[in-house]
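Please open the model in your viewer and keep the selection panel at hand.

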Amino acid sequence: VLDCSGSMNGQPIEQAKRALGLLWRTLKEGDHFNLTCFGSTHRHMWPKPRPYTQENLDEALAYLKSVDANLGGTEILAPLQKLLKRLKKEEGEAELVLLTDGQVSNEAEVISLCEKHKAHARVRSFGIGSGVSETLVRELARVTLGSVEMIHTGERIEPKVLRASRHLRTPSLRLTSLSLAGHQLELADPSPL
């Protein structure tokens with residue numbers, strides 16, 4: 001999920017595109033991926049995620065070259081609502097990678113939405129530049145048991161992308177019951193570990 005709002009113009013969008021390209025190259029056979037660009041509107045690279053193949057990677061990298069910071073304001077709620085609703089229907093578990101430099105006025109609503117969908121989607125956030133809302137990217141990672149990386153202007157992104165790639169491979173465990181001293185406790189809302 002790539003922020004293509006006007007504030008990403010210049011170095012921020014270039015850093016984000018480079019990070020995303022590197023991250024895609026770390027995918028493995030069996031993975032599926034897609035790109036959603038957002039601003040005042042949003043658009044998807046493909047109608048639905050595609051399997052990771054060399055052909056799809058080449059097509060995605062070519063598409064990424066054409067992406068620019070030209071979609072207006074930073075409105076992330078609508079694209080997240082659509083993505084999370086679709087992911088819930090697919091009944092799988094997904095990793096959402098968010099790359100943004102922005103701040104949004106409805107932070108609490110965005111965080112709450114992602115928390116409601118934590119059973120099937122973790123958010124891996126990349127906060128880009130000095131103007132990013134650290135509260136937003138850190139809270140999205142916290143409530144979904146994801147991760148966050150901050151990319152500052154002029155900073156090398158490779159180590160952070162590789163660390164995020166390792167996080168993508170970390171399985172999500174959910175605690176459904178707990179046995180202590182012979183007492184069994186069943187959890188109504190399984191807690192992620």
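Throughout this tour, buried means under 20% relative accessible area, exposed over 50%, and partly exposed in between, with a 1.4 Å probe and protein chains only. This is a predicted model, in which local features need pLDDT of at least 70 and side-chain atom pairs count only at pLDDT 80 or more, while totals for chains, interfaces and linings use all residues. Residues are numbered from 1 along each chain as its sequence is written, and side-chain values use heavy atoms, with hydrogens and water left out.

Select K160 first, which is buried at a relative accessible area of 13%, and then E155, which is partly exposed at 26%. Their side chains form a salt bridge at 3.0 Å, N to O, the term meaning a side-chain nitrogen of Lys or Arg within 4 Å of a carboxyl oxygen of Asp or Glu. Salt bridges with shared partners also join R18, R156 and E158 into one network.

Next, select R124 and E95, whose side chains meet in a salt bridge of 2.9 Å, N to O. Because R124 lies in strand β7 (residues 121-128) and E95 in strand β6, the pair ties together parts 29 residues apart in sequence; strands here are DSSP runs of E, at least two residues, numbered from the N terminus.

Notes
Helices (H or I, at least four residues) and strands (E, at least two) are DSSP runs, numbered from the N terminus.
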